[in-house]
Every structure is written in C-alpha cells, then in structure tokens.
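Subject: Structure for you to look at

Hello,

Please find the structure below. My notes on it come after.

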Amino acid sequence: MTSASSPPTKAGAINFKYLGNENGEFAGEYSTYVKQFGDPKDSARTPLIVLHGGPGLVHDYLAPFSDLYTKFGTPVILYDQLGNGLSTHLKDMPSRFWKIDLFIDELVNIINTLGIKDSFALAGHSWGGILAAEFAIRRHPQGLKHLILTDSLASSALWNQSNAQLMQAFPIAVQEGLKSGMKDPHKFFAALKEFHAVHGCTIKPFPPEYLHTLEQVFGPDGDPTVAAAPVLNNWTIINELPRIQVPTFVINGRNDISQDFVVKPFFDGIAKVKWVTFEKSTHSPFFEERERLELPPAQNGRNGGWVRIASWFDSDHSSAPFQSTPLTAMRKISQSEEQMRSHSASSSWYKWRPDKRLY
C-alpha cells in the first residue's frame, strides 16, 4: 500500500522471541513484519524507526515518512506491531497479554536484529508516540539519539477529554457511534470515518494507505484484538516526562485530535524539546502537508517542518540551545498569537521558549 512512495529496499518478517511478562507467562516465538527504506547500517544519517498508532493499527499509512529516505537519504524503518497487519496475530490471547512492555520488547528486538542499537531515532504517531516515550523512559537506550512525538498524547484522560470536546460538533448518530466503541465495531467504524474526515485526515478521499489501515481493524476482515485490549486504561506519562533526556520534537495539527492541551505536557516536562503546530493539518500532517518535503531548506526557511526533521537527526544537540529554564511563554518572539496564525496559510506556528528554539 505504498504506491505513492518509493518502494521499500527490503521487507519481510523477523523472528521475535518473547520471554514472557513479569510472571513468565506467554513466552513464545512470534514474527514482526518490517519494511526498510535504505540500509540502516550503511548510511551517514541516523536511521529512523517509525511506530504506528492504535494500539491495533498497521504501518501502511506511515508511507509518507519514506520521503525522508527518498529526498534526504535518511534510512526509514516501518513495521506492524505484534497482533496487527502482517505480523503474528494472537486473537485468543487474554487482555493481560497486551502490555506496553510487550511492544517495547518487540521494538528492542527490531533494533537489535537490524544492528542499529548504537545509533537510531524514533518517531511515534499517536499511540506510537506513547510507545516511543515509554521506551525512552523504561529502557534508557544508549543509542537513542532523538524522539519525534507526532500527534500523540501525554495521558489517556487528556485524549478522552479532547475527543469528548470535538465530537460535540457532530450529529447525534456520529456521537453515539463513537461512544459505542468496540462493542459495535461496524457502528463505531462508520462514525470514526466521519470524525476522522474532520480531525484525522482531511484529504478527500482518504489516501488509500490511510483507509487500508483503518480497515485492518474495523473492516470485514479486520482484527480488532489489540484495539479492544485495555492497554491504555488510566494511562499517563506526565510525571515521568523529565526522565526523557534525548532531544525531542513534538508535532501536532491545528485541528488535531491531539489538541494543544493534549501535547503541552511534553513541552512542559521534557528538557530538550521543540514543538511545532502544522496550520493546515489535523491528526496526519505527514499526509496533509506532505508537500513540504519537496521544498529545499533554503526555500522553507523556518517553516520547513519536515525538512527540519531530516537535517535535525544529524545535529549535535548536547550544547546550550537545549539547556532548560523555567517555562516562560509559548510564543514566537515579537509576534502575537493571531499574527502567528495569519502569518501565512502554509506556515507552521512554532512555539518555543528562549532556550527551546526550533532552529
């Protein structure tokens, strides 16, 4: 499902030997489907592993990230998390099997199998951002150079609050469908598509990869096992965020489900952090403003959000620009909020404090 992007240079399943949970339950051998763009061990750029959303979705909708390889030579790795897509499905596993540490162990296995444990970056979309942040906090990987948390969330309570707010603008039938959740997958999927057309991905029709991803869970042949598991019940990472020590880039869209208040804890809690909002995007800026990858940095200037990502991986961020001071204001210097919003229809609204500039 990557017809709009360059074909992968390598794709296939890798073995995942799971040692089980803290009680030794569920140990077994499974497989993880991995797709590579470029050789992560033969590149001057730091390889980027991209973690898909859900939990319960698949990698296909993240195809635009392959542009970072096509245009800038950054090796990109996509994969289907266990229980999803082309990886091993485990429909009979009890809900206690599906834990964050399981998915972290799977990620560690990919990193080790590809031989990149000494130098790699992570990008996580939505639930993938949770997984990336938890990995950084729980495992303290020495080779992790950067984090990108795109359209993610710092707590399930904030995410639920945002969804509850946004759904009020929709017809009652849509609201009821969303509230039905996985109890009525058909009704929920119909409502979800209506909701996502406004706050998930505003490209009409949905890109094939995007729709395919949703159908892998909610379609007639989909597998909702992971999506229905209570992985994120009462989950929060807010108090743990100061433990993230690597440079982190936070992204959301102007009309995102991940509204500003949902991602702001990342900005407040992580010491080395930048935050950019894409003005013409919702929950999928990599689709909705994908064209920015086509502009060279000289043309994009400060508004080259995705171009910034490509060059940012290979910079040394251990020096003064990332030093932390108390939070002052999330404002672009010398411009008011309204000026920022009206600066340009294609401009991103950068939020920083003096020690957290996006450069």
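This is a predicted model: local features need pLDDT of at least 70, side-chain atom pairs count only at pLDDT 80 or more; totals for chains, interfaces and linings use all residues.

Residues are numbered from 1 along each chain as its sequence is written, and side-chain values use heavy atoms, with hydrogens and water left out.

Strands

Helices (H or I, at least four residues) and strands (E, at least two) are DSSP runs, numbered from the N terminus. Two strands pair if DSSP finds at least two bridges between them. Strand E3 (residues 48–51) runs parallel to strand E4 (residues 76–80), and 3 bridges join them. In that pairing, valine 50 is opposite leucine 78. Between E3 and E4 the chain passes through helix H1 (residues 67–72), in a right-handed β-α-β crossover. Right-handed means that, with the strands pointing away from the viewer, the path from the first strand over the helix to the second runs clockwise. E3 also pairs with strand E5 (residues 120–125), again parallel, over 4 bridges, and here leucine 48 faces alanine 121.

In a regular strand the side chains alternate between the two faces of the sheet. Buried means under 20% relative accessible area, exposed over 50%, and partly exposed in between (1.4 Å probe, protein chains only).

Helix H2

Helix H2 covers residues 100–114. Its 15 residues, at 1.5 Å a residue, should span 21 Å, and the end C-alpha atoms are 21 Å apart, which agrees. The expected span is 1.5 Å times one less than the number of residues. Among the buried residues of H2 are Ile100, Phe103, Glu106 and Asn109.

The largest pocket

The largest pocket has a volume of about 1100 Å³. A pocket is an open set of points on a 1 Å grid over the protein atoms alone, where a 1.4 Å probe fits, with protein on both sides within 12 Å along at least five of seven lines; lining residues have an atom within 4 Å of a point. The volume is the space filled by probe spheres set on the points, which are joined across faces, edges and corners. Of its 38 lining residues, Gly54, Pro55, Trp159, Phe188 and Ala227 are the closest to the centre. Helices that each supply at least two lining residues include H4 (156–167) and H6 (185–199). By class the lining has 24 nonpolar residues (Ala, Val, Leu, Ile, Met, Phe, Trp, Tyr, Cys and Pro), 1 charged (Asp, Glu, Lys and Arg count here) and 13 polar (the others, Gly among them).

Single residues

Pro55 lies in the loop between E3 and H1, and the peptide bond from glycine 54 to proline 55 is cis, with omega near -5°. The bond from lysine 204 to proline 205 is also cis, with omega near -10°.

Which residue other than glycine has a phi near 55°? That is aspartate 151, in the loop between strand E6 (144–150) and H4. Aspartate 151 is buried, at 0% relative accessible area.

Regards
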